[in-house]
Every structure is written in structure tokens, then in C-alpha cells.
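Here are my notes on the model, as numbered points. Cut-offs are given where a term first comes up.

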Amino acid sequence: MKIVFLGPPGAGKGTQAVRLCGEKGIAHLSTGDMLREAVRVGTEVGLKAKSYMDSGALVPDDVVIRIIEETLSRLGWEKSFLFDGFPRTVAQAEALGEMLKTRGAGLDHVVYLETSAGVAVERLSGRQTCRKCGANFHEKNMPPKRAGACDHCGGELYQRDDDRPESIRNRLQVYEAQTADLIRYYADKGLLRRVSGDLPAGDVYAEVQQVLGF
Ligand code: ADP
Ligand code: ZN
């Protein structure tokens, strides 16, 4: 099965994706996590991506498309995947459609986490991310068991550079300008499944399972 999670920054894509993939044995592909790892290690891709990411702009399509294609080739095209944060432009969506089609595969579901801007900003500005495994927490809504440490791996929690107010505003604008078109794009293909992203995480998860038929 191949699934895309779509929605603005702060919709909870990562939170839902980690849980779903953990419970169902699906490979979680987050381009944000992959790019942050490239920045951390200091690869060529990382050096190129960093300034775009810090300001909240999109990394160029060819860079992320290449990362996804390499990852799918390495893991095997027949596997179950959940794409989180990819595609983010119509060009990326078309590239993904093509690469799957030439391997006889395709998307099964695009889950759209419909989230209002106020909720998104509140979640992003209180978000704490694990440096080691990428898991997300929230200072109020989803505090870690021990302050400053990840529940899953004990890694250090930090605030992402792009979770500062100016970058958050920019990311929401970028989403409206470049990513929101994908809602129509996938609705036209009959793949779009809507869930209410404003609800508490457990309720969103129940809806996600329902639209996926799990
Ligand atoms: P969020 O969804 O909360 O904004 P992500 O971790 O998915 O966070 O992405 C963080 C940043 O990484 C984005 O603002 C962008 O700069 C870059 N990025 C991630 N995925 C893509 C993508 N598919 N295309 C272009 N840039 C991307
Ligand atoms: Zn962790």
C-alpha cells in the first residue's frame, strides 16, 4: 500500500505517520527528516538545502525528487510506503506518479489532514523535536515524560530553526501558494480522503484508520 499525507505544516502529519507506520509495518518516508539528516551530516544535499529550510522555503524539486527516487530504489518499489511532506508541489506529484507507474505501482490513498491556521501556528510554536529520531512533542498538548528528553529514544529535544515565528508564517504562506493545489490534484484522481486535523491526536488517528480501511 502507498499512502501520502497532505496538509499544512502543523497538521500533525509526522505524529500520525510515526504511529501508523509503527503499528502497521509501513515504511515512513519524511522528506523533512531526510533533509534535516543531510544537513546534520553535512552532505552536498544538506549544504544546498539548509538555507531554504531555515527560512521556510521549499528545497528545489529536483533535489527532493532525487532523494525519494533513491530511497524507493534502495528499499524496494513493491514495499508499503507512507510519504510525509512529499509531494509538496504539482511537479513533485507528477514525478512521483511517473516513477511509481514505470514500476507498475501507484498511490492508494492521499490523506488530507484539514487543519486551521490558528491550530497549526499554536502547534508549531510549542513543538519540540528529538535530535536523534525526529519524534515530535509539544510543550502543552503532548509533553514528553521527562522534560527535554525523547520518550522513544532518550534523545535531546530542541526547537527546530524553522519553528520560530517568522519561519512559521513563511511556511504557511508557502503551503498556500505551492502545496494547497495538490488537494484539487488528488481529488480529481479520486484519491483524496479528508480527516479533521484540528482534533486531538488520538481522534485524528481514529479517522485516519477509518479512511484507510484499517
Ligand atoms: P513541516 O511539514 O512541519 O513544514 P517538514 O519537516 O516536512 O516540516 O519540512 C521542513 C522543511 O524541509 C520545509 O519547510 C522545506 O524547506 C523542506 N522540505 C521538506 N519536504 C520538502 C519537499 N517535498 N519539497 C521541498 N522542500 C521540502
Ligand atoms: Zn527520539
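1. Which backbone oxygen does the side chain of Thr-179 reach? The oxygen of Arg-88, at 2.8 Å. This is a polar contact (a pair of N or O atoms within 3.5 Å; within protein, one must be able to donate a hydrogen and the other to accept it, and residues adjacent in sequence count only if both atoms are side-chain atoms).

2. Ground rules. This is a predicted model, where local features need pLDDT of at least 70, side-chain atom pairs count only at pLDDT 80 or more, and totals for chains, interfaces and linings use all residues. Residues are numbered from 1 along each chain as its sequence is written, chains are lettered from A and ligands numbered from 1 in the order in which they are written, and side-chain values use heavy atoms, with hydrogens and water left out.

3. Helices (H or I, at least four residues) and strands (E, at least two) are DSSP runs, numbered from the N terminus. Thr-179 counts as buried because its relative accessibility is 5%. Buried means under 20% relative accessible area, exposed over 50%, partly exposed in between (1.4 Å probe, protein chains only). Beyond neighbours within four places in sequence, Thr-179 is in contact (heavy atoms within 4.5 Å) with Leu-6, Arg-88 and Val-174.

4. The parallel sheet. Five strands form an open sheet with parallel pairing, in the order S2-S3-S1-S4-S8. Strand S2 (27-30) and strand S8 (192-196) are the edges, and each pairs on one side only. Neighbouring strands are turned by 20 degrees against each other on average, direction ignored. Two strands pair if DSSP finds at least two bridges between them. Axes are lines fitted to C-alpha atoms, for helices over the stretch in contact, and angles run from 0 to 180 degrees between N-to-C directions.

5. Strand S1. Five of the five residues of S1 are buried, so the strand is largely enclosed by the rest of the structure. Lys-2, Val-4 and Leu-6 point one way, Ile-3 and Phe-5 the other. S1 (residues 2-6) pairs with S3 (residues 81-84) in the parallel sense over four bridges. In S3, Ile-3 stands opposite Leu-82, and Phe-5 has Asp-84 as its bridge partner. Four bridges also join S1 to strand S4 (residues 109-114), again running parallel. There the partner of Leu-6 is Tyr-112.

6. Helix H4 (residues 61-75) lies across S2 and S3, at about 165 degrees to S3. Leu-212 is in helix H9 (residues 201-212). Its relative accessibility is 6%, so Leu-212 counts as buried. Not counting residues up to four places away in sequence, Leu-212 touches Ile-3, Leu-20, His-109 and Val-111.

7. Check the cis bond. A cis peptide bond joins Phe-86 and Pro-87, with omega about -5 degrees. Pro-87 is in the loop between S3 and helix H5 (90-101). Thr-31, in helix H2 (residues 31-41), is in contact with Phe-86, and also with Ile-68, Asp-84, Gly-85 and Arg-88, leaving aside neighbours within four places in sequence. Its side chain reaches the backbone oxygen of Gly-85 at 3.0 Å. Thr-31 is buried, with a relative accessible area of 4%.

8. The zinc site. Cys-130, Cys-133, Cys-150 and Cys-153 coordinate the zinc ion (ligand 2) through SG, at 2.3 to 2.4 Å. Donors are N, O and S atoms within 2.8 Å of the metal (3.2 Å for Na, K and Ca); water is not among the atoms, so sites may look incomplete. The four donor atoms subtend angles of 97 to 117 degrees, which makes the arrangement tetrahedral. Four donors count as tetrahedral if all angles lie between 85 and 135 degrees. The ideal value for four tetrahedral donors is 109.5 degrees.

9. Zinc donors in the chain. Their spacing is C-x2-C-x16-C-x2-C. Cys-133 lies in the loop between strand S5 (127-130) and strand S6 (136-138), and Cys-150 in the loop between S6 and strand S7 (157-158), so the pair ties together parts that are 17 residues apart in sequence. Cys-133 is partly exposed at 39% relative accessibility, whereas Cys-150 is buried at 6%.

10. The antiparallel sheet. Three strands make an open sheet in the order S6-S5-S7, with antiparallel pairing. S6 and S7 are its edge strands. Two bridges join S5 to S7, and Cys-130 stands opposite Leu-157 in S7.

Notes. Four donors count as tetrahedral if all angles lie between 85 and 135 degrees; four count as square planar and six as octahedral if opposite donors are over 155 degrees apart and all others between 65 and 115; anything else is irregular.
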